[in-house]
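Here is a short briefing on one protein model.

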Amino acid sequence: MPALVNYSGDDELYSGSSVYSMDSSLLRSIGSHLDMYCPPSKRARISFPFASSGDMFEEERKPSIEVLPDECLFEIFRRLPGGQARSASACVSKHWLTLLSSVRNSEICKNVSKVNQSLNDVDMVSCEEGLAMECDGYLTRSLEGKKATDIRLAAIAVGAASRGGLGKLSIRGTNPVCGVTNNGLSAIAHGCPSLRVLSLWNVPYVGDEGILEIAKECHLLEKLDLCQCPSISNKGLIAIAENSPNLSALTIESCRNIGNESLQAIGRCCPKLQSITIKDCPHIGDQGVASLVSSTSSSLTKVKLQGLSLADFSLAVIGHYGKVLTSLILSGLQNVTEKGFWVMGNAQGLEKLATLSITSCRGTTDVSLEAIGKGCRNLKQMCLHKCCFVSDSGLIAFAKAAGSLESLQLEECNRITQSGILGALSNCGSKVKSLALVKCMGIKDLDLETPFLSPCESLRSLSIRSCPGFGSDSLALVGNLCPQLQHLDLSGLCGITNSGLLPLVERFDSGLVKVNLTGCLNLTDKVVSALAQLHGRTLEVLNLDGCIKVTDASLVALADHCLVLRDLDVSKCSITDTGIAALSGGEQLNLQVLSISGCSKVSNKSMPYLRKLGRTLVGLNLQQCNSIKTATVDLLVESLWRCDILS
């Protein structure tokens, strides 16, 4: 844009006053140094107020700065000497803020006049040093809901520009009246070319125009997250691909106008891409996914595909070209058959795959699961969720084949039974450390003759949650195979009794560290006392939430025997003030978190004991303790200032 204003006078700094309060002679003197182009126009209508006293008529004049066209203001703004001056000017009005945000970083005049430079040498040096420091500092801003507007984005762009520019921007939601549009995103692009991370969630008014500006100006972009952006299409994402060679992570979720062409461009132009997440995009299919995976085979390490219309071909390409893949998540791929998963496993390309999660995929069967176990030799973590066609035989075959497996999680796999769990534990490799079963309805107590099974000495964590058929008999069988457990989670198992859990507690050799017995209604003080006596030297976390038969006797045992217990939850247990008193008397007990929520028998009498416990507590839950008055809670809050108290 040609310069419209040429200033040739001396620079003077006027502090403490505004342009509106300047003397008219001063304005005329400034005007003598300005060469301005003023097109001919009609004479302005001047109103002459009637003065009965005979006063002279006066002409009301607006300050001259207000009548300058935007082109002149633009040229003035881009010549301002530093970020402080630009920020101050942006505070004058929304109009000035909008104009300042339209000035690209590349359009700001770096070489000011000699007079300005001599007056502001110190300021200019400090600004440059701050700029370098902020570039290394990675400035971050986040806007959510009603705060997400174009005006805020413009203010961020102008303010951040003087501190090295914005490094990360997150916009979640938008103001329903004056929400984020292409104008706001363009302001960020103009003022923050150093942007590296951009996250847009549920911004329906941002389209290709704003994304094109980001692509044009922000060439350092490394991570892009687009969620529920219906106005962004292939045009915008292709521009990002062509102008962002450093792009390493891309997430596309619920963007109905983004299709295969975008993924092809990403694969072709982004050689550093390491992570890709695609979810619920109806126009993305085999052509885009296969092209992306095959083009980035030397860099792509993480892939998540969910709710897409993919066929067997995509999984075959992943199995062949995923040579550096370490994490793969597949969810809701209803069109992929057993053949697709079988080929993915037998392609022998997933040599470095360490984590695999499969959810609601009908093609996951016994045959395909065994093929995955054989083909993924370095697989360490496996999660199967809602895989309704996987049975005991497939699980056992997978356990035998996956020699490097360390963690196995089964959730809502209802064809898995007690036999499958026992067989998997007995046949898994020597590296398995964790087993989790969640809502597996097929597991039930069965009176079956089980052959001799070798124990799993490496297992350290066992989690069986919300499996209603899993009772004391199943627990005893599993316990025989896991002598070295340290973490035990049996939450939601209403059928567990003392007779089933006690032999298990007595059999563990290494000492339990974390125990979760939430909702085990039939357990009593006998089990808790055994835990305290046998594992008191190692037990750190104990959750007894909802164990209604646990009383003060358990707290006495814990206070006497537990040396390192730091987190205790006895919510909704049958404890009283006596139990709290016994707990506070534990000489070696150093609790950090205590929850007695819903313990209606704990009253104000426990206040001195809670205060004593509060010497080490950082968290105390007193919710629904109806016998403790509000005044008592207030006193505790005042005295235990280090502790976060919920009431």
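Two strands pair if DSSP finds at least two bridges between them. Helices (H or I, at least four residues) and strands (E, at least two) are DSSP runs, numbered from the N terminus. This is a predicted model: local features need pLDDT of at least 70, side-chain atom pairs count only at pLDDT 80 or more, and totals for chains, interfaces and linings use all residues. Residues are numbered from 1 along each chain as its sequence is written, and side-chain values use heavy atoms, with hydrogens and water left out.

- Strand 2 (residues 168-172) runs parallel to strand 3, and five bridges join them.
- Across this pairing, L169 stands opposite L198 of strand 3.
- The chain passes from strand 2 through helix 8 to strand 3 in a right-handed β-α-β crossover. Right-handed means that, with the strands pointing away from the viewer, the path from the first strand over the helix to the second runs clockwise.
- Strand 3 also pairs with strand 4; the two run parallel and share five bridges.
- Here S199 has D225 in strand 4 as its bridge partner.
- The chain goes from strand 3 through helix 9 to strand 4, and this β-α-β crossover is right-handed.
- Four of the five residues of strand 3 are buried, so the strand is largely enclosed by the rest of the structure. Buried means under 20% relative accessible area, exposed over 50%, and partly exposed in between (1.4 Å probe, protein chains only).
- In a regular strand, side chains alternate between the two faces of the sheet.

**Salt bridges**

- A salt bridge is a side-chain nitrogen of Lys or Arg within 4 Å of a carboxyl oxygen of Asp or Glu. The count by this rule is five.
- One of them joins E222 and R196, with the closest N and O atoms 3.9 Å apart. E222 lies in the loop between helix 9 (208-217) and strand 4 (223-227), and R196 in the loop between helix 8 (182-191) and strand 3 (197-201), so the pair ties together parts that are 26 residues apart in sequence.
- E222 is partly exposed at 28% relative accessibility. R196 is partly exposed too, at 21%.
- Another joins R566 and E540, with the closest N and O atoms 3.4 Å apart. R566 sits in the loop between helix 21 (552-561) and strand 17 (567-569), and E540 in the loop between helix 20 (525-535) and strand 16 (541-543), so this pair ties together parts that are 26 residues apart in sequence.
- R566 is partly exposed at 31%, and E540 is partly exposed at 27%.
- K374 and E370 also form a salt bridge, with the closest N and O atoms 3.3 Å apart. Both lie in helix 15 (residues 366-375), four residues apart, about one turn of the helix. E370 is partly exposed, with a relative accessible area of 29%.

**Aromatic rings**

- The charged end of R172 sits over the ring of W201, 3.9 Å from its centre. The rule asks for NZ of Lys or CZ of Arg within 6 Å of the ring centre and within 35 degrees of the ring normal.

**Serine 472**

- S472 lies in helix 18 (residues 472-480). S472 is buried, with a relative accessible area of 13%.
- The S472 side chain makes a polar contact with the T497 side chain at 3.0 Å. A polar contact is a pair of N or O atoms within 3.5 Å; within protein, one must be able to donate a hydrogen and the other to accept it, and residues adjacent in sequence count only if both atoms are side-chain atoms.
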